[in-house]
Amino acid sequence: MRASVGDRLLVHGRITGQPDRTAEVIEVLGADGDPPFRVRFEDGHETVMSPGPDTVVRHFPPEE
C-alpha cells in the first residue's frame, strides 16, 4: 500500500454496525510512500498507523 501526503485512507468498520472512518495522510514515514503513515481523522485525532487489509487508499492529485 502506497500513499502520499494529502491522500485519504478509508478504514472500513470491522464489525457490523461500526461505521467507516476516513483519515488524511499528513506525513509518510516509510520509504517510497510505504507505511507507516501519520494520519488525522475527521475528529482531529492524529496517530501513526500501518494500514491493514480493511483500509483503502483514495489518491488525491497534488494541489498546484
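The model is predicted, so local features need pLDDT of at least 70 and side-chain atom pairs 80 or more, while totals for chains, interfaces and linings use all residues. Numbering starts from 1 along each chain as its sequence is written, and side-chain values use heavy atoms, with hydrogens and water left out.

Of its 14 lining residues, Val11, His12, Arg14, Arg21 and Asp54 sit closest to the centre. A pocket here is an open set of points on a 1 Å grid over the protein atoms alone, where a 1.4 Å probe fits, with protein on both sides within 12 Å along at least five of seven lines; lining residues have an atom within 4 Å of a point.

Now zoom in on Asp54, found in the loop between β4 (46-49) and β5 (55-58); strands are DSSP runs of E, at least two residues long, numbered from the N terminus. Its relative accessible area is 17%, and buried means under 20% with a 1.4 Å probe, protein chains only, so Asp54 counts as buried. Beyond its neighbours within four places in sequence, Asp54 is in contact (heavy atoms within 4.5 Å) with Leu10, Val11, His12 and Arg14.

Terms used:
Helices (H or I, at least four residues) and strands (E, at least two) are DSSP runs, numbered from the N terminus. Buried means under 20% relative accessible area, exposed over 50%, partly exposed in between (1.4 Å probe, protein chains only).
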